[in-house]
Amino acid sequence: MKAMVLKEVGRIELEELPEPEPGPDEVVIKVAYCGVCMTDVHIYDGSFPVKTPIILGHECSGIVSNIGKEVKHIEVGDHVAINPLISCGYCRYCLSGKANLCENALGVGVGGLGGRTAGRIIINGAYAEYVKVPEGNVIKFDKNVPLKYAALTEPLACAIHAIELAEVNPGDRVAIIGAGPMGLILTYLAVYRGALQVIVLDLKDERLETAKLMGASDIINPRKCNPEEVIKDITDDELVDVVIEAVGAPETVQDAFKYVRRGGTILIFGVPPKDALVNLSPFSVYFNELRIVGSFSLTPNSFLKSAELISKSRINFDYIITEIYPLEKLNEAIEKAKRGEGLKKLIKVH
Ligand SMILES: [Zn+2]
Ligand SMILES: [Zn+2]
């Protein structure tokens, strides 16, 4: 099969490899689409070190082409999306419903943060004609659901997990910093949960225009104004109940403290550099009862909800998917993602 293999930092090459053989409880998927994610960029440029050679790609949909002897719930020909987080099922995190924090997690084409314990091990992902995963890591779709949308099950699941942790409630004012694909999906979910205002901040006007299409009530380009003043103004001096940081920069995490009201929540969703620090006033957190929350990856529960939302066409991804590339053009797609050009890029394999 054809596969795009990360040989070392900054070098991905097309190779001919044997098709994966399923283990007893594994399924092999003929990849239809695989989304390019900022995590791919971080692994590609070396900020998330991983062992090479490896095939990346974790936002995948496709059709099951082969199954192991003990597979019970999946058949050849099923249309599926992959949950790239393989959790152990027996550690205290798995047992308490936090499979995303699993001590023994494996990532399909993703991970490499250096590890919680012995290291988050990463196995071959879906920038290839075929990928294999355990049966429990796929979810079935009706055959009438476009596989193009099913490939977004993983990113939508991460956004669902985040919006639940942020506890956006009807009538809340929400600010979302960063209108990349994830910020835009979060915008949609905040609107969906009945937010009074969803204020989106980004340095690119075209991204802000898309935020409007996703339901943002207000858009702010911090290059053109003082965002703190504008947020005060459009919220009648109330500031916002929830700030979601979807950039992953220490500066924008710091900014979140200027926009949040007393008793409010700051959710860190963007992936900051591992060693970055911010200045924080513990008094202000104490005195204003601020809640600071992180959101990492997805849970089986958010994955299920995501697949159901996609199945019922409850979310329109057409504004977000801006480019589709063939497998051979993966390097180009990653380079464009790195430069922040366009929005979601999909690799179409079959
Ligand atoms: Zn991703
Ligand atoms: Zn576990």
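Exposed denotes a relative accessible area over 50%, buried one under 20%, and partly exposed the range in between. All views below are drawn from a predicted model.

View 1. Asp236 lies in the loop between α7 (227–234) and β14 (240–245). Although not a glycine, Asp236 has a positive phi of about 50°. Its relative accessibility is 59%, so Asp236 counts as exposed under the cut-off of over 50%. Leu239 is found in the loop between α7 and β14 as well, and this non-glycine residue has a positive phi of about 60°. Leu239, however, counts as buried, because its relative accessibility is 15%.

**View 2. The salt bridge between Arg261 and Glu238.** The side chains of these residues, Arg261 and Glu238, meet at 2.7 Å, N to O. Arg261 belongs to strand β15 and Glu238 to the loop between α7 and β14, so the pair ties together parts that are 23 residues apart in sequence. Both partners count as partly exposed: the relative accessibility is 24% for Arg261 and 34% for Glu238.

**View 3. The zinc site.** The zinc ion (ligand 1) is coordinated by Cys37 through SG, His58 through NE2 and Glu59 through OE, at 2.1 to 2.4 Å. Along the chain, the donors follow the spacing C-x20-H-E. His58 is buried, with a relative accessible area of 2%, and Glu59 likewise counts as buried, at 1% relative accessibility.

View 4. The bond from Thr52 to Pro53 is cis, with omega near 0°. Pro53 is placed in the loop between α1 (38–44) and β4 (59–67).

**View 5. The largest nonpolar core and the surroundings of Leu156.** This core has 52 residues, of which Leu156, Leu186, Ile244 and Phe317 touch the most other members. Helix α4 (residues 153–166) contributes the largest share, eight residues. With neighbours within four places in sequence left aside, Leu156 is in contact with Ile185, Leu189, Ser306, Leu309, Ile310, Ile315 and Phe317. Another core, of 44 residues, lies apart from the largest one; Val28, Val50, Val71 and Tyr130 are among its members.

**View 6. The salt bridge between Lys305 and Glu164.** The side chains of Lys305 and Glu164 meet at 2.6 Å, N to O. Lys305 lies in helix α10 (residues 300–311) and Glu164 in helix α4, so that distant parts of the chain, 141 residues apart, are linked by the pair. Lys305 is partly exposed, with a relative accessible area of 31%, and Glu164 counts as partly exposed at 28%.

View 7. Within helix α8, Asp255 and Lys258 lie three residues apart, about one turn of the helix, and their side chains meet in a salt bridge of 3.1 Å, N to O. Lys258 is partly exposed, with a relative accessible area of 38%. Glu251 also lies in helix α8 (residues 250–259) and is exposed, at 54% relative accessible area. Glu251 and Val278 are 27 residues apart in sequence and 7.6 Å apart in space, C-alpha to C-alpha. Val278 is located in the loop between β15 (260–268) and α9 (282–287) and is partly exposed, with a relative accessible area of 36%. Together with Leu280 and Ile292, Val278 forms a nonpolar surface patch of about 230 Å² accessible area.

Note on methods:
Residues numbered from 1 in each chain as written. Chains lettered and ligands numbered in written order. Predicted model: local features only at pLDDT ≥ 70, side-chain atom pairs only at ≥ 80, totals over all residues. Heavy atoms only, no water. Core = buried A, V, L, I, M, F, W, Y, C linked by side-chain atoms within 4.5 Å. Buried < 20%, exposed > 50% of the residue type's maximum accessible area, 1.4 Å probe, protein only. Helix = DSSP H or I, 4+ residues; strand = E, 2+ residues; numbered from the N terminus. Contact = heavy atoms within 4.5 Å. Donors = N, O, S within 2.8 Å, 3.2 Å for Na, K, Ca; no water. Patch = residues over 30% accessible without salt bridge, like charges linked within 9 Å, V, L, I, M, F, W, Y side chains within 5 Å. Areas by Shrake-Rupley, 256 points an atom, 1.4 Å probe, with all protein chains shown as cover. Salt bridge = Lys/Arg side-chain N within 4 Å of Asp/Glu carboxyl O.
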